[in-house]
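Please work through each task before reading the solution.

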Amino acid sequence: MAEHPLFFSLRSLSLVSILFLVVFPPSLSLTIETQALLDFKNMLKDPLNVLDSWKESESPCEFFGVSCDPVSGNVTEISLANKSLSGEISPSISTLGNLKTIYLPQNLISGKLPPQLNHCSNLRVLNLSWNGMIGNIPDLSGLQNLKVLDLSVNSLSGRFPSWVGNLTGLVYLGLASNHYDEGEIPESIGNLKSLTWLFLARSNLRGQIPESIFELNALQTLDISRNKISGDFPSSISKLKNLTKIELFFNNFTGELPPGIADLSLLREIDISSNQMHGRLPEKMGNLKNLVVFQCYNNNFSGEIPAGFGDMRNLIGFSVYRNNFSGLFPANFGRFSPLDSIDISENQFSGEFPRFLCENRKLRLLLALDNNFSGEFPDSYVDCKSLERLRINKNHLSGKILDGVWALPHATMIDFGDNDFEGEISPMIVFSISLNQLVLKNNRFSGNVPSVLGKLANLERLLLNNNSFSGNLPAEIGALKQLSSLHLEQNSLTGLIPGEISDCFRLVDLNLADNDFSGNIPSTVSLMSSLNSLNLSGNQLTGPIPKNLENLRLSSIDLSRNQLSGNVPSDLLTIGGDEAFVGNGLCIDQYSKTLVKYTLLNVCKEGQGKKRVLGGKLVVFIIMAVALLLVLAGLLLVSCKNFKLGESDVENGLEGEKGVNSKWKLASFHHMDIDPDEICDLEEENLIGSGGTGRVYRLDLKEKGNVVAVKQLWKGNGMKVLAAEMDILGQIRHRNILKLYACLMKGGLNYLVFEYMSNGNLFQALRSENKGGKPELNWYQRYKIALGAAKGISYLHHDCSPPIIHRDIKSCNILLDDDYEPKIADFGVAKIAEKSLEGSEYSSFAGTHGYIAPELAYTLKVTEKSDVYSFGVVLLELVTGKASIEEEYGEGKDIVYWVLTHLGDGENVVKVLDDRVDVETVQDDMIKVLKIGILCAAKLPNLRPTMREVVNMLMDAEPCTAISADIKSDKPGNSFL
């Protein structure tokens, strides 16, 4: 039967339509994808504007970081590594059904991982490592095509995900460095037969490694470091024939290293350090010819190092310190390999010192201290000019050090101490231009102290004590401007102590005891303002104690066993006690006698050390008293006039800034529309704080809805605080310094307008908990706060000219914004150093109990190091979670005392850490910051680092070191100390 013409036409039209749809796909899917990506963008903060190209008008294939299938045009990849993105991941991403790669590592993305990702069934790569993701990891078993799953280094919590065993196609699995509940490694990981990279470090794992892991025949990298894995070291590891890297350090493994490990011929790196293992290293480990790094430090291994290590061709790093290895060290070690670092310290190696460690002239770090090596130091090291750190102290080495070994241009430390070396310091040492530590103590070195030492401009520590040096101490020693510690005690030095020694203006510790120095103590010593410890005992020094020596901030002094005469200043007697002055012709006055209960020193006779005044004493006394009263009255009058002039200057300055109306005077420092009447209309219900300088209110401005903080200053000292804040905050700009928007003044009323900090101050945050009962601040946030605050203070000290000393650093004065970015606040008592040195206010007391540096007990001269001490207390608060002052410390004690006492008693350092945070996963990072805090809170100012140094140390203590952007390696490199 013939077809109807109309039916034929309709069928033809349908075929044409289908053909059109095939050739020109509908735009609907692109619209959905564009909207999904825009929703994804809208939930992110993009400070670098890398997402500017993500616009509705553009094809998603033109979006930066987005890739599409060349045929279908569907979005297949989002790749935005290390772009400073923050915010959360939008669930809209789940509508991208053809997405194969989500690659967003090394950003600041937070929030929870959306479970809707399961809808991206074509996903092959999901990498969100090095972000701030929180919450439980949702079950992503639906992603059956996944090859790469890397969620390492976030703040994820809950149970360790056992469902990963369902993703049988995985090749790379990284779940390290999160805050999981304590648990065991799931047996199901053994289902991942294609796995080549397993990264589970810092995952709060305990128990033993399941046997199923050792069935993963393709595995190349096994990293389960920094957990609490226990039991004997698994012998089944020898089944993993493709392993190139084993990282099992910082666990609780016991037993011996199994012989089968020597069968893993592809191994390049092994680190089993800081466990509880013992026994000998398998002899056949010397056959691992591909080995690049071997580390087993801090265990109980014993016996000799297998001789085969001496034949290795690729070895770069070798660290076995703090074990019980003994016997001869392999003779050829380093002869055929490009050795860079070796640390064999704190063992019992004996015999001759290995001579080929620097055969390939690449060795930087040679640490062999505290062993039993004997004989001479080999001449092969004459040409080892690559050395940066050479420590062979505490051995039984003898003979002379050859000239070339003294000349190490890159060495920062040369330590030959505690041996039996002899001979002289070679003049060739002048070529060690990078040297900052030279340690030769407790040897038999002799000859003169060479004058060329004065050319080592970077030298900080010079320890030559207990040798046989003789002759004069060269005046060139004064050229060492960086020198902080000089120990020359127990030698045979003679002559005068050179006055040029006072040019070492950073010198903290000076010990010249038990030599044959003669003459007077140089009067210039009293100019060494950094000096904290002075020992000149056991010499032939004569004359009086220099007049102004008591003005130094000494904490230790010993001038005993000399031939000194005259009076002992009472301040010095208080510091050193009479033992520091016995064996001389010294005496003390009657007042000083009351300071010590029992004394070996005689009371000065009338006229001893001073002229007698027989007549007219009463007249002279009256004249002096009257003169003193006149001077004090004059000073008081000048101070009053200066204060009034200061008030007038501030008022005039305010008037000159901006006339608002006849009522208010306004000075503005940042662009912001401010209505004085609105600022001053404060309600008590908006009070958010009250302190020593005023009350602080939260205020919602009517214009543009901005929120500010307004400080109403107390009357009386309000003008002084206003001037200080204006003087400092009005001229500085830094992301970690609180912004001062404006100052207002009318009559006796003074107001400061600051940016508002929604998360309050650090003191409050350290004591706050979230709804789950966990502390508000995890360790990563605390670290961020520590680093940001340090940068702010460093800016004040080092980048402001002249420097600014805050004088009241404490956790209450570190404010936190929405993202917990810290801001240093409250500059009411801060001082600009240059001005402070000129005026009497420099020595006015400032600070808060518990944060005040100890030297302020005997001097009111505040320096930058006072701020460093206070910041050290803040670091201890961050690490311990405790306040600077608490009852449990004891009466008159503070957090510094509490921490040092606990550590000094040999307690486990972990007991000092705040147990409210997940200590196990961040323990080492917390300890690093604890050490920095202790350094900052050192008793002696010159032993404290500068804030610039603190910033560098904190950056080195970052909780995790970034993994390379491609999906391979795994672990921060270990340094050989």
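**Exercise 1.** State how the bonded cysteines of the protein pair when numbered in sequence order.

*Solution.* The pairing is 1-2, 3-4, 5-6, where a disulfide is a pair of cysteine sulfur atoms within 2.5 Å. A search of the whole structure gives 3 disulfides. This is a predicted model, in which local features need pLDDT of at least 70, side-chain atom pairs count only at pLDDT 80 or more, and totals for chains, interfaces and linings use all residues. Residues are numbered from 1 along each chain as its sequence is written, and side-chain values use heavy atoms, without hydrogens and water.

**Exercise 2.** Determine the handedness of the link between Cys61 and Cys68.

*Solution.* Step one: the S to S distance of Cys61 and Cys68 is 2.2 Å. Step two: the angle about the S-S bond is -105°, and the link is left-handed.

**Exercise 3.** Explain which parts the disulfide of Cys358 and Cys384 ties together.

*Solution.* Step one: the sulfur atoms of Cys358 and Cys384 are 2.1 Å apart. Step two: Cys358 lies in the loop between β27 and β28, and Cys384 in the loop between β29 and β30, so the bond ties together parts 26 residues apart in sequence (strands are DSSP runs of E, at least two residues, numbered from the N terminus). Step three: both Cys358 and Cys384 are buried, meaning under 20% relative accessible area (1.4 Å probe, protein chains only).

**Exercise 4.** Decide whether Cys743 is buried or exposed (over 50% relative accessible area).

*Solution.* Cys743 has a relative accessible area of 0% and is therefore buried.

Key: Helix = DSSP H or I, 4+ residues; strand = E, 2+ residues; numbered from the N terminus.
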